[in-house]
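Work through the exercises below with the sequence and the model open side by side. Each task is followed by a solution in steps.

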Amino acid sequence: MKKRQDKKPDFLRDINTEIMEELMAGGIKDNAAGLAGKLKEVEEITELCGLRFIGYMAKIETPRPQGTLDEVIVAFTEAALNRGQTGDGLCIESFLKEGSKVLVSGKVQTLKDFKSGKMLVFILADFLGLAENAMMQDDVALRGIIAHKPVYRTTPRGKRITDISILVNSELAGKQCSIPCICWQENADEVAGWLPGDKVKLLGRCQSREYLKQTEKEIRTVYEISVSFIKRTGEAGNEIKNNHK
């Protein structure tokens, strides 16, 4: 009789699960983003995609592990800045200098700009503070529902990709919004067979990438969540089936 061997532990899965639970602690149950990076641009705004929003919009740069810089859009109010103050007498202007290193926590959101037709993908911050000594961070944890049929494709370099959209609550519009996510390699293979309505939880990072819009010969920037860990927690239609048993 062969001796039974215990299943090899999946350390990456365990680490990712631990990070996910930590990000979602403190009352943020389904949508959590933690970011540390450098302020690139800051502007004062009174609206956000047609919705009244008195505050600021910023672009924050944060490096990937291999060094490539990602650009993340963050919207925040003075209330978020006040939560980030340390009691050192820093005025708001101290937070808004380009090049300052900041720490952000909040939720990933999307809003459609009906004037341009473009979708804004951003972090709605509930905390923004100076953090000159913080390690660079870019972590997102989401729990939601697949909105559309996953799109599987292969890049010219042979990488396997599946694009999905995850429905989460919209904090500003009072309904749901759809977060674009991109899965790679083995994750892409598995997610490609999932269905709209499936419940998932995932861990990833905010990512930006440029592409050429062929019809307009214009370089555009795509903002999305690059997924490192994803798990299906419920299949579409199961609740309906169970209710009819």
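At 31% relative accessibility, Arg232 counts as partly exposed, where buried means under 20% relative accessible area, exposed over 50% and partly exposed in between, with a 1.4 Å probe and protein chains only. This is a predicted model, in which local features need pLDDT of at least 70 and side-chain atom pairs count only at pLDDT 80 or more, while totals for chains, interfaces and linings use all residues. Residues are numbered from 1 along each chain as its sequence is written, and side-chain values use heavy atoms, with hydrogens and water left out.

**Exercise 1.** Find the residue that forms a salt bridge with Arg232, and give the distance between the closest N and O atoms.

Solution. Step one is the rule: a salt bridge is a side-chain nitrogen of Lys or Arg within 4 Å of a carboxyl oxygen of Asp or Glu. Step two is the partner, Glu235, with the closest N and O atoms 3.8 Å apart.

**Exercise 2.** State how many salt bridges the structure holds, and describe the one between Asp163 and Arg153.

Solution. The structure holds twelve salt bridges. In the one asked for, the side chains of Asp163 and Arg153 come to 2.7 Å, N to O. This pair links distant parts of the chain, with Asp163 in strand β8 (residues 160-169) and Arg153 in strand β7 (residues 151-154), ten residues apart. Helices (H or I, at least four residues) and strands (E, at least two) are DSSP runs, numbered from the N terminus. Arg153 has a relative accessible area of 32%, so this residue is partly exposed.

**Exercise 3.** Describe how β7 and β8 are joined.

Solution. Two strands pair if DSSP finds at least two bridges between them. Four bridges join β7 to β8, and the two run antiparallel. Opposite Arg153 stands Ile161 in β8. The two strands form a hairpin with five residues between them, and Gly158 in the turn has a positive phi of about 90°.

**Exercise 4.** Locate the salt bridge between Arg160 and Asp189.

Solution. The side chains of Arg160 and Asp189 meet at 2.9 Å, N to O. Arg160 lies in strand β8 and Asp189 in helix α4 (residues 185-191), so the pair, 29 residues apart, links distant parts of the chain. Arg160 is partly exposed because its relative accessibility is 24%. Asp189 is partly exposed as well, at 37%.

**Exercise 5.** Which residues are linked with Lys40 in a network of salt bridges?

Solution. The network links Lys40 with Lys59, Glu61 and Glu71.

**Exercise 6.** Classify the aromatic pair formed by Tyr56 and Phe76.

Solution. Rings of Phe, Tyr and Trp (its six-membered ring) pair if their centres lie within 6.5 Å; planes under 30 degrees apart count as stacked, over 60 as edge-to-face and the rest as tilted. The count comes to one aromatic pair. Tyr56 and Phe76 are 5.4 Å centre to centre with 20° between the planes, and the pair is stacked. Tyr56 is in strand β2 (residues 51-63) and Phe76 in strand β3 (residues 69-76), 20 residues apart. Both residues are buried.

**Exercise 7.** Is Leu203 buried or exposed?

Solution. Leu203 is found in strand β10 (residues 199-213). Its relative accessible area is 3%, so Leu203 is buried.
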